[in-house]
Amino acid sequence: MDLPLRPLMEAGMGAASAPRTNESRMVASAVAGQVSHPLARVSPYRIGRDGVLRLLPGTGGIVLNRRVGDRAVGLAADHMEAGVSLNNPGRDHAGPRGGSNRALMFYACVGNRARVTSGPVTGAVGTVVGKHGGINHVIVDFPPAVKRRLCIGDKVQLDAYGQGLELPDFPQVRALNLSPRLLRRWGVRTEAGRLLIPVTHTVPAELMGSGFGRSEGVLGDLDIQLSDARLVRKHRLHALRLGDLVAVCPLDYRFGPSRKAGVVTVGVVVHADSKVAGHGPGVTPLLIAPRECVRLVRRPQANVALVLGLRQSVAPPAGDPSWGGG
């Protein structure tokens with residue numbers, strides 16, 4: 001029997017403790033990129049799953065009026081990365097072509113700090129909030145005042161820290177793309193031999209689309225298809241927010257995404273919706289665990305904007321228009 005798709009409420013969290021990690025043995029590295037320019041396809045039209053042609057802004061660049069914590073669904077945009085998108089187009093003098101950008105994608109973990117190293121806001125600090133595969137961007141959140149002064153091409157350096165993270169008391173649990181900073185603040189706890197993981201939503205694996213077929217889980221994301229209106233309503237997916245921490249069941253993302261009974265993947269929503277067939281809000285994986293090791297705890301506040309203190313309020317969760325997240 002697969003993990004129930006309705007997370008349990010948060011009773012009993014008070015007596016739980018934080019999980020032990022191998023942080024003392026981990027290595028932090030500096031990696032760098034630059035603010036990317038938005039990209040356009042040969043044809044600017046996007047063909048929707050409904051057969052409608054749309055002209056919409058897409059990925060890359062600096063999104064000025066949206067950021068982590070805002071709605072991921074219903075925007076006049078396609079695969080929007082609501083922050084500052086980074087890539088590393090530098091010429092590689094060793095290894096395969098594009099290795100520098102793949103290294104940026106691999107080393108970066110959600111929750112890492114990012115520092116601007118050139119341009120008018122040199123020294124400004126932001127936070128990694130996602131990784132978008134295919135387009136191969138690392139997404140960084142900066143305060144709005146910083147974003148308005150950033151320039152395309154400005155350089156940004158990350159304190160990359162998180163790959164190799166382990167939970168010694170849960171050797172069967174795999175961490176990917178998860179910084180120790182985010183893990184500490186997320187509210188993940190251990191109780192009676194299980195991990196209690198706060199999430200905003202559970203998503204049935206049957207809805208997952210673009211991103212299948214990859215052989216790893218550290219260079220991107222997997223999209224949630226929102227084409228089934230009944231399931232969207234049932235699981236409140238119309239209210240998904242950028243930065244929401246969500247569980248996909250059953251899904252094993254250890255070696256690339258695969259539907260596998262008895263395994264749950266918890267990740268973060270990193271880009272906005274799309275009307276293109278097979279596409280939708282993207283989820284970068286953070287924790288993969290057997291269902292018997294996990295108890296999902298529904299918490300509307302389980303969004304990286306709040307968890308990491310990037311914002312004091314975010315879009316309200318489904319069914320609660322008054323909630324502002326504190």
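**View 1. The largest pocket of the predicted model.** The largest pocket holds about 390 Å³ of space. Its lining counts 20 residues. Nearest the pocket centre lie Arg41, His79, His132, Ile135 and His279. Strands β2 (46-47) and β13 (210-213) each contribute at least two lining residues.

**View 2. A nonpolar surface patch.** Tyr45, Ile47, Leu53 and Leu55 make a patch of about 440 Å². Leucine 55 sits in the loop between β3 (53-54) and β4 (84-87). Leucine 55 counts as exposed because its relative accessibility is 55%, and the cut-off is over 50%.

**View 3. The salt bridge of arginine 54 and aspartate 50.** The closest N and O atoms of this pair are 2.7 Å apart. Aspartate 50 is partly exposed, at 47% relative accessibility.

**View 4. The salt bridge of aspartate 141 and arginine 67.** Here the closest N and O atoms are 2.7 Å apart. Aspartate 141 belongs to strand β7 (residues 137-141) and arginine 67 to the loop between β3 and β4, so the pair ties together parts 74 residues apart in sequence. Aspartate 141 is buried at 3% relative accessibility. Arginine 67 is buried too, at 11%.

**View 5. A salt-bridge network of Asp252, Arg254 and Lys260.** Arginine 254 pairs with aspartate 252, with 2.7 Å between the closest N and O atoms. Salt bridges with shared partners link these two and Lys260 into one network. Arginine 254 is partly exposed, at 29% relative accessible area. Aspartate 252 is buried, at 6%. The whole structure contains 12 salt bridges.

**View 6. Strands β11 and β18 side by side.** Strand β11 (residues 194-199) runs parallel to β18, joined by 5 bridges. Proline 198 stands opposite valine 297 of β18. In β18 (residues 294-298), 4 of the 5 residues are buried.

Conventions
Residues numbered from 1 in each chain as written. Predicted model: local features only at pLDDT ≥ 70, side-chain atom pairs only at ≥ 80, totals over all residues. Heavy atoms only, no water. Buried < 20%, exposed > 50% of the residue type's maximum accessible area, 1.4 Å probe, protein only. Pairing = 2+ DSSP bridges. Patch = residues over 30% accessible without salt bridge, like charges linked within 9 Å, V, L, I, M, F, W, Y side chains within 5 Å. Areas by Shrake-Rupley, 256 points an atom, 1.4 Å probe, with all protein chains shown as cover. Salt bridge = Lys/Arg side-chain N within 4 Å of Asp/Glu carboxyl O. 1 Å grid on protein atoms, 1.4 Å probe; cavity = no way out; pocket = protein on both sides within 12 Å on 5 of 7 lines; lining within 4 Å. Points joined across faces, edges and corners; volume = space filled by probe spheres on them.
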